Structure formats: structure tokens, C-alpha cells
Amino acid sequence: MSESKNDQLDLWEVFIQESDNSPHQHAGSIRAADAETAIQNARDVFARRGKTKNMWVVKSEHIIATKPEDIPSFFDQASDKVYRHPQFYKHTLDDELWKKP
Amino acid sequence: MNEKTFEYLLRLADDRLILGHRLSELCAHAPILEEDIALANIGLDCIGQAKFLYEVAAELEGKNRTPDDIVYFREAIAYKNLLLVEQPNGDFAQTIVRQFLYDSFGILLFDKLQNSSFVPLAGIAQKAVKEIRYHYRHSSQWLLRLGDGTEESHQRTQEALNNLWKFTDEIFLSDETENLLTEEGIAVRSSSLKEEWLKIVTELITKATLSIPESGVKVYKGGREGKHSEHLGHLLAEMQIVARSYPEIQW
């Protein structure tokens, strides 16, 4: 085996939905050789305990991520005028208007 | 009849316990982390099912024994599990083939046991069959990948099959206890499951590009009467030593 050879199986990201209408949330990652074993491994590592309604696995290489050097141009926005933030309305709705008494 | 039901429950429980214990031996020794967790999970399921079965058996027996008493203070000759489940883990192929040969039978058995007229057993079967369906998914998918994988994985899996196939006859031998309890609606005659089992495993084994070994002349049996291979004694020694050395110990 050459030194540079990667003998690890493919990396997959696992997303778990705990109940109907709740979002799929990142649970962690696992290694597996193919989709079927990936979803089984994800189940065994993350979903055996706790509540799970649905589960996604996706190959980590299919996720497009920002790079550290993207931070200034991507994320360094003005922090005033909170209503300009897309999350502003979501939080407002979640926290206040839609909250049942 | 209670005595026979007790005996039957013990067989079911011993199968699950010994298979579960074998899997527990692999904890921290499986080929990759994910598989380590998977095998430990399956082992825990097996031991959990065994615990429920021992509880029901102990209550039926009415001698104030606990599941721990039954498990830790019984000699090999009093264990009634199949020879298949006590076979050593060997390499990963052997572990998977052993699991596959049992799971494919376990699905059929516990599916039918859900209709047992003995209500506590039907209840346990309802929970167990869901777990065993997952175990089967795990072991059958691995069988396909190992059989139809590399030259080495194919060869090792075929060897495991050659080694373990001879223990499958015993699974389907029905004796008087089982026949009588089947007539009462309590048990399932395992001989009645053989045809369907053979169909399932033949299909999978063929799909995995493996071949079913020819049946030998000798029938390997005896587990149900407490006549075991040399492997069970070693397994029990390790499993029982702490409880026997410190009988009052609290976990």
C-alpha cells in the first residue's frame, strides 16, 4: 500500500429530522462505502437512541462550503438595522407572533 | 405444559443470549468504528430480547430465579442454544455469515411467534421481530458486499459459509416439546420454516455470487439437549466468571 493511498471509506454527513415539520439537522458524519451502508451506519451511530422521524445521508464531497478567506466578503455585514437580516422575520415570527399562549 | 413452555422459552433466550454475547466480544475489535457500533447495537438487541424471555421463563418456573441466576449459574450442559450461535467470531466474514444464517431464520420465527397463544411471548416477539428485521438488513447487505466484493472477501465468505452451513440442519429439527407446544398454539414448529428459509438464503447467497455447500453426511446437532461444541464452555467461562467470583456484586 502506498503511503498516499487513502484507505478510509467515503465520508458522509448525517441529517436527522426528529418529528414531522421539524427541520433536518446535522447530526455528524460517518464513513461508509456506499449509500445503503451509509444509511445503516448513520442509523447505528446517531439514530438508535432518541427520536428520529427521517434521516438523510449525503456524501460530504457533495457539500459546497465557503472557505476561511470568504469570511470578510461573505459574512462581515453591518450589525445595525437588524430588520435587514433575513433571520429577523423568522425569529420574530417564531418567538412572538406565532407563539401559542 | 408449563415445564415444556419453560424449556421452549429457554431455547429461544439462550439462542439470543449466546449470539449477543459473541457479538459483544467484538466490541472495540470490529474492522471499522461504524461497524463496531453496529455489531454492539445488534448484540445489545439480542441480549435485551434474551432478558425478556428469561424473565417470562423465570416467572413461569416459579422458583424465584432471576434472569441473572439463569444466565450466570448454569453449566454448558443446561444451555439449550443452537450450535450455530456459539461458533466463534472468526474473521468478519464468519461473523456476518453466522449472523445472516440466524437472522434469516429469526425473522420467520419471531414473525410467527407474534401470534403465539402465550401472550407474554407474543409481546416479546412483536418487539423482537422489528429488531431482527434490521439485523437481517445489516447482515444480508454485508453478505452481498463481501461475497460480490474482492477476490479475498469472496473467498473468505465462501469459506465461512462452508464452515457454518453444516450447523443449519439443527435449526429446523423439531422435537416433541416443540411439536406439542405448536399444537397448543404457543410455539412455532421450526421444521415448517425450512422451505421458506432455504428460498431466502439461496436467493441471497446466489446474488452474492457464493454457492451453498453440499450437505455432509453427518448431522451436527445436540444444542437443544445441552450437547455443545467445545466453544460454548469457553464462552460461558468468560461470561460467568465475575458473577461467580462475586455472587453478590451489584453492576
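**Entry 1. Chain A, overall**

I began with burial in chain A: 14% of its 101 residues are buried. The model is predicted, and I kept that in mind for everything below. I listed the elements next and found three helices and three strands in chain A. Read along the sequence, they come in the pattern β-β-α-β-α-α. I then looked at contacts in chain A with a separation of 6 or more, and 42% of them are between residues 24 or more positions apart.

**Entry 2. Confidence in chain A**

I looked up the pLDDT before going into detail. Chain A has a mean of 83, and 69% of its residues reach 70 or more. I also compared the elements of chain A by mean pLDDT. Strand E3(A) has the highest value, 97, and helix H3 of chain A, residues 86-97, has the lowest, 62. Where pLDDT is low, the predicted coordinates should not be read in detail. I took no details from H3(A).

**Entry 3. Helix H1 of chain A**

I asked which residues of H1(A), the helix at residues 35-47, are buried. They are Thr37(A), Ala38(A), Gln40(A), Asn41(A), Ala42(A), Arg43(A), Asp44(A) and Phe46(A). Within chain A the partners are strand E1 (10-17), strand E2 (25-32) and strand E3 (54-59). In chain B the partners are H2 and H6.

**Entry 4. Where the chains touch**

I turned to the contacts between the chains. Eleven residues of chain A are in contact with seven residues of chain B. On the side of chain B that touches chain A, the elements giving two or more residues are helix H2 (33-61) and helix H6 (119-147). H2(B) gives the most to that side, with four residues. By class, I noted three nonpolar, three polar and one charged residues on this side of chain B. H2 and H6 of chain B are also among the elements that the buried residues of H1(A) pack against.

**Entry 5. Chain B, overall**

I made the element list for chain B: ten helices and zero strands. From the N terminus on, the order is α-α-α-α-α-α-α-α-α-α. Buried residues account for 43% of the 251 residues in chain B. Of the contacts in chain B between residues at least 6 apart in sequence, 74% join residues at least 24 apart.

For dimensions, I noted that the C-alpha trace of chain B spans about 55 × 45 × 35 Å along its principal axes. I also checked the radius of gyration, which is 18 Å for chain B; this agrees with the value near 18 Å for a compact globule of 251 residues.

**Entry 6. Helix H1 of chain B**

I took the length of H1(B) next. This helix has 23 residues and reaches 32 Å from its first C-alpha to its last, close to the 33 Å expected at 1.5 Å a residue. Of its 23 residues, 17 are buried, so H1(B) is largely enclosed by the rest of the structure.

**Entry 7. Nonpolar cores**

I looked for the largest nonpolar core and found one with 65 residues. The residues with the most contacts inside it are Leu9(B), Ala13(B), Leu53(B), Leu84(B) and Val97(B). Among the helices of chain B that each supply at least two residues of this core are H1 (2-24), H2, H5 (92-113), H6 and H7 (151-164). H5(B) gives the most to this core, with 13 residues.

I followed up Ala13(B). Not counting residues up to four places away in sequence, Ala13(B) touches Ala50(B), Leu53(B), Tyr54(B) and Ala57(B). There is also a second, separate core of nine residues, which includes Trp12(A), Val14(A), Ile30(A) and Ala32(A).

I checked Thr157(B), which lies in helix H7 of chain B. Is Thr157(B) buried or exposed? Thr157(B) has 29 other C-beta atoms within 10 Å, so this residue is buried. Leaving aside neighbours within four places in sequence, Thr157(B) is in contact with Ala93(B), Val97(B), Leu146(B), Gly147(B) and Leu210(B). I also noted Asp91(B), 66 residues from Thr157(B) in sequence and 9.2 Å away in space, C-alpha to C-alpha.

Last, I checked Glu35(B), in helix H2 of chain B. Why does Glu35(B) count as buried? Glu35(B) counts as buried because 22 C-beta neighbours lie inside 10 Å, and the cut-off is 20 or more. His138(B) is 103 residues from Glu35(B) in sequence and 10.0 Å from Glu35(B) in space, C-alpha to C-alpha.

How values were computed
Residues numbered from 1 in each chain as written. Chains lettered and ligands numbered in written order. Predicted model: local features only at pLDDT ≥ 70, side-chain atom pairs only at ≥ 80, totals over all residues. Contact = placed C-beta atoms within 7 Å. Nonpolar A, V, L, I, M, F, W, Y, C, P; charged D, E, K, R; others polar. Buried ≥ 20, exposed ≤ 12 C-beta atoms within 10 Å, placed from the backbone. Core = buried A, V, L, I, M, F, W, Y, C linked by C-beta atoms within 7 Å. Expected span 1.5 Å × (residues − 1). pLDDT = per-residue confidence, 0-100. Rg over C-alpha atoms; globule rule 2.2 N^0.38 Å.
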